[in-house]
Structures are given as structure tokens and as C-alpha cells.
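Dear colleague,

I am passing on the structure below, and after it I set out what was found when its geometry was worked through. Please read the notes with the model open beside them.

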Amino acid sequence: MINRDFYLNRIKHNMWNGEIKVITGIRRCGKSVLLFELFYNYLLETGIKDDHIIKIELDQRKYYKFRNPITLCEYVEGIVQSKKDEKFFLFIDEVQFTQKVVDKEYGNIEVTIYDMLNELKAYKNLDVYVTGSNSKALSSDIATEFRGRATQIHVYPFCFEEYYSFVGGDEHKALEQFMLYGGMPRVVGMQDEKDKKDYLSSLYKELYIKDVVERNKIEREDILNDILDFLASQISSLTNPTNIANALSSMRNEKIDSGLVSRYVKHTTDSFLITIARRYDVKGKTYFNYPNKYYYADVGLRNARLNYRQYDPGHIMENIVYNELIRRGYSVDVGVVYDRKNGSNIPKEIDFVVNDGDKKLYIQSAFQMDTTVKENSELKSLMLTKDFFKKIIVRLDIPHNYYDDNGIFHCNLIDFLLGKIELF
């Protein structure tokens, strides 16, 4: 068992904050284990009695009756009202299985689980936690239903630090495996490489794609698959729906509408499978509409999507760095600065503009910086900002960390991923 202290600490921090805690994230990333095992065990260790933790797992037959939200609410109320001077915890897993019902007693009013949970939230001796997602209701939808009345705790697949805490051994060999197969929890425990590949491919085809198709009533699943292939092959590269539509039109020899592509891309981001990083003008302090960068929530899923044919470590490394930054809760954009030397106006890219409240820094991801041309290119974008915010180049080809003559911090990738570097 990997403890996932990062998320567990976030849950602890939000205990008894008066809001419903909604655990969100891509399917099969470990949301239920986090709540029903790790947090549950923590509560027991701190002296909470087992019968004061109300667990309802709606995908199990013995809890089917609680798919009726009124029945669920009345059951919980019966427990917490009987002992108003004692504190209780409510865990609901797979909350999307609940159904809308009509309350005939109060004029045939339609009642949902969200109505009932908001009612339960009012009890001062009850702390409520929910999780769940499938084709009928993604975890993003569940969080939206509680908008303004919930704390969202977003869970990602295992980061490298969590992964390495389980596999141990040589850090570089562990990173090679992580870059290939990613951090989906079940994959980490597998030993056979074919089993890993088969599982990731099955997740993609039998779970994620079906969820997106069923939930959004997608008619052109073939185009959705082509879009996912294109985004997988273009991680860390700038693109937009028009470019994608043009590429697909050429490949398929049929006209593909960019509006259709835009909608399908949004469906994949709503499911947390893919994340968009927007471009930001560092000097002008404005966002561009297009193009943007797209990253996969898990690089193992990305590699499985391409059947492991397109393994480009530089782009995969950038995807992993991006995931690590957003996992830590930072706001992350793709930076643009302009080289105006000799009257030119050439845009230069900074991989990541990272914000933590009112603090900011810049990060370049560089798998290797062997040549002078490459090094100058990476450094030049950072120097063009002409400000005093911290500047970092994350690299895999250096044995130790150092500051160069320009005050730029060169950071080893493994140290960065293992949390050995203090960014701010």
C-alpha cells in the first residue's frame, strides 16, 4: 500500500470545514482507496470508533437500496440524530449510482442525492465525503453539483515520488519504467510488461473511451479516436482544433469540422484524461486563445494509446514535469516572450510559468542540453523575461544541481520529482 500522504494531508486539513469533500480524478487513479482505506485507517488510528464512520459503497449489492437518495438520507439521519453530542463521518463511494426520485409527500418534488447531501451537511456532528465517476456522471460533474458548498480534492495517478516509494532500487531505472508505463495504481504492482501494456490498453478502450462516448452521445467515435491519437503524438507541442481538423481531414480524405474537434477535445478534458495548458504573454500579461499545449494525465496511458511506437523522452519528460507541478496545486501556463533584437519580434517559449498565489517562477524542461546551440536556446527564453523571478531548467543529464553565471538554477529531474528541491 502506498500511503499517498500528499492527498491524505489535504483531507485532514479540510476535516470539519463545514463543506462536503468531493474526491475527484480520472477513473482508476485511486480515489476510493484513498477514502475508504487510507483515510479510514487514519481515523481509526486517531481513536474514531468504527461505528462512527458510516460507509456506503453504492456499487455493492448490499447498498443498492441507498441509491434512493431519500432512503440514504433517512438512514444517515437516524444515526447522527440519535447521538447529537458525538461526531460521525459519512463516506459515499460511486455517488453517481444514486437515482432521482419523486417525493410524493411534498408535492411530487424531484429529489437528487445532491439535495439530500446538502441537507446532511447541515448537521454539525457529521462530516461528509463522496467520490465517484462513470459514463453517467464524471467526478467533475459531481464537484460542479456542489459548487460553492464543497471542497474538491483532486487525485492524480501516482507521481514519481509515490511510485519510487513502492518500487525502490536504482532511481534512473525506476524513472525509465515510470516514463514508459506511468503511475496508474494497478500497473505499479504488476511485474510482467505484457500485463502492464494489456491493462493500460484495456483501460483506454474499455473505460475511458466508452465513458466519453456514452456520456456525450458521441456519434463519430472514429474521429474521437483519431483526435486522441493526434493529441497523444503531439504532447508538449502547440496545436489547436483547426490544426487538428486539418490534419484529420488530410489523413481521412474527408472534411472534418474544427467545431466538432473542439467539442470532442473538451469531452476528453472534462474526463480528466487530458489537460490543456494555455499560452501566456509574460510581458503583456494576457492569454492567447490558441494554440495551446495538451498533456496526458498519465504518460503510461499516452504511450499505450500509441502502442508504444512513439517514445520521445523529451516530450514525455515535459508531460511528467507539468503533471507534477499541477499535482502540487500550482497554476501553470505556457510562457511566451519576444526577442526584439535588431527590430525583430520573434516569439520564444518558456515551457512553464508557475504561480503559487502571488509568487512566480519560470521552468524549462530539457531532457538533454549537450550542444551549445540547445543550451543557448533554452537559456535565452529565460533571459528575455528581464525580471527577477526565479528561473529553473529541469534536466536529466546532470549529476548535481547548480546555479550558472546568469543566476539560473539547473535542477536534476529526479531530485525535482522526489521533492528534494524547494521551488519557491
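Tyr308 sits in the loop that runs between helix H13 (299–305) and H14, and its phi is near 60°, a positive value in a residue other than glycine. Please keep in mind throughout that this is a predicted model. A second residue of this kind is Phe272, which is not a glycine and yet has a positive phi of about 70°; Phe272 is found in the loop between helix H12 (258–270) and strand E9 (274–277). A further point of backbone geometry concerns the peptide bond from Tyr290 to Pro291, which is cis, with omega near -10°, and Pro291 belongs to the loop between E11 and strand E12 (292–296).

Turning to the sheets, I begin with the one made of five strands, an open sheet with parallel pairing in which the order is E2-E3-E6-E1-E7. Strand E2 (53–57) and strand E7 (150–154) are at its edges and have a single partner strand each, so one side of each is left without a neighbour in the sheet. From one strand to the next, the twist averages 15°. Within this sheet, strand E1 (residues 20–24) pairs with strand E6 (residues 126–131) in the parallel sense over three bridges, and Ile23 has Thr131 in E6 as its bridge partner. Helix H3 (residues 69–80) lies across E2, strand E3 (88–93) and E6, and runs at about 165° to E2.

The other sheet to describe is an open one of eight strands with mixed pairing, and its order is E11-E10-E13-E14-E15-E16-E18-E17. Its edge strands are strand E11 (286–287) and strand E17 (402–403), each of which pairs on one side only. As for the pairs inside this sheet, strand E13 (residues 331–339) and strand E14 (residues 346–356) run antiparallel and are joined by eight bridges, with Tyr338 standing opposite Pro347 in E14. These two strands, E13 and E14, form a hairpin with six residues between them, and in the turn Asn342 has a positive phi of about 55°. E14 is also joined by five bridges to strand E15 (residues 359–366), and that pair runs antiparallel; here Val354 has Leu361 in E15 as its bridge partner. The hairpin of E14 and E15 has two residues between the strands, and Gly357 in this hairpin takes a positive phi near 65°. Further along the sheet, strand E16 (residues 390–395) and strand E18 (residues 409–412) run parallel and are joined by four bridges, with Ile393 opposite His410 in E18.

Among the helices, one crossing deserves a separate paragraph. The axes of helix H10 (residues 221–233) and helix H11 (residues 241–252) come within 11 Å and cross at roughly 115°, and the crossing of H10 and H11 is right-handed. On the H10 side the contact is made by Asp222, Ile223, Asp226, Ile227, Phe230 and Leu231, while H11 contributes Ile244, Ala247, Leu248, Met251 and Arg252. Sorted by class, the contact of H10 with H11 comprises eight nonpolar, no polar and three charged residues.

How many cavities of 30 Å³ or more does the count give? The count comes to three cavities at that cut-off of 30 Å³ or more, and the largest cavity has a volume of about 160 Å³. Of the 16 residues lining the largest cavity, Phe158, Cys159, Phe178, Ala297 and Asn323 are the closest to its centre. Helix H14 (residues 313–327) supplies the largest share of that lining, namely four residues. By class, the lining of the largest cavity is made up of 10 nonpolar, three polar and three charged residues.

With best regards

Methods: Residues are numbered from 1 along each chain as its sequence is written. This is a predicted model: local features need pLDDT of at least 70, side-chain atom pairs count only at pLDDT 80 or more; totals for chains, interfaces and linings use all residues. Side-chain values use heavy atoms; hydrogens and water are left out. Two strands pair if DSSP finds at least two bridges between them. On a 1 Å grid over the protein atoms alone, a cavity is a set of points where a 1.4 Å probe fits but cannot get out, and a pocket is an open set with protein on both sides within 12 Å along at least five of seven lines; lining residues have an atom within 4 Å of a point. Grid points are joined across faces, edges and corners, and a volume is the space filled by probe spheres set on the points. Ala, Val, Leu, Ile, Met, Phe, Trp, Tyr, Cys and Pro count as nonpolar, Asp, Glu, Lys and Arg as charged, and the others, Gly among them, as polar. Axes are lines fitted to C-alpha atoms, for helices over the stretch in contact, and angles run from 0 to 180 degrees between N-to-C directions. A crossing is left-handed if the near helix is turned anticlockwise from the far one by less than a right angle, and right-handed if clockwise. Contact means heavy atoms within 4.5 Å.
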